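Hi,

Here is the structure I promised to pass on.

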Amino acid sequence: MPRLGLERSPSIEYLMLADPKPDGPTVGFFRGSAIAAAVVDYFGRRYVFAGIATRGRNGKYDAEALGRGERLVEPGLIYRPGTEAR
């Protein structure tokens, strides 16, 4: 039997990239931070810039708005798995 009101979105910590390093040109700036066209995480996986994360009224990231495989990098940048040309 389903339990109403007990659904939870994934913990944001699980959606953050581990130790991301810029990989490619800077495509802009957001909240004083450079936006890299792509990043490589701690495990060597490459992600490409996909947009800016939305936040709820409480200031927390809207994890439900992320697409499949998308991850977050502070200060609220979204990256998706990718191998686009550099």
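**What I found**

Arg31 sits in the loop that links strand 2 (26–30) and strand 3 (33–36); strands here are DSSP runs of E of at least two residues, and helices are runs of H or I of at least four, numbered from the N terminus. Before going on, a word on the source: this is a predicted model, where local features need pLDDT of at least 70 and side-chain atom pairs count only at pLDDT 80 or more, while totals for chains, interfaces and linings use all residues. Residues are numbered from 1 along each chain as its sequence is written, and side-chain values use heavy atoms, with hydrogens and water left out.

Arg31 is not a glycine, yet its phi is positive, at about 50 degrees. Arg31 is also exposed, at 61% relative accessibility (exposed is over 50% relative accessible area, buried is under 20%, and partly exposed is in between, with a 1.4 Å probe and protein chains only). Asp19, in the segment before strand 1, is another non-glycine residue with a positive phi, near 50 degrees. Asp19 is partly exposed, with a relative accessible area of 42%.

Five strands form an open sheet in the order 1-4-5-7-6, and the pairing is antiparallel (two strands pair if DSSP finds at least two bridges between them). Strand 1 (21–22) and strand 6 (71–73) are the edges, each pairing on one side only. Further in, strand 4 (residues 38–40) and strand 5 (residues 46–52) are joined in the antiparallel sense by 3 bridges, and Val39 has Tyr47 of strand 5 as its bridge partner.

Val39 and Tyr47 turn up again in the largest nonpolar core, which has 9 residues; the others are Leu17, Phe30, Ile35, Ala36, Val73, Leu77 and Tyr79. (A nonpolar core is a set of buried Ala, Val, Leu, Ile, Met, Phe, Trp, Tyr and Cys residues joined through side-chain atoms within 4.5 Å.) At least two residues of this core come from each of strand 3 and strand 7. A separate core of 7 residues includes Leu15, Tyr61, Ala63 and Ile78.

What does Phe30 contact, leaving aside its neighbours within four places in sequence? The list is Ile35, Ile52, Pro75 and Leu77, with contact meaning heavy atoms within 4.5 Å.

Pro75 deserves a look too: the peptide bond from Glu74 to Pro75 is cis, with omega near 15 degrees. Pro75 belongs to the loop between strand 6 and strand 7 (77–81).

Cheers
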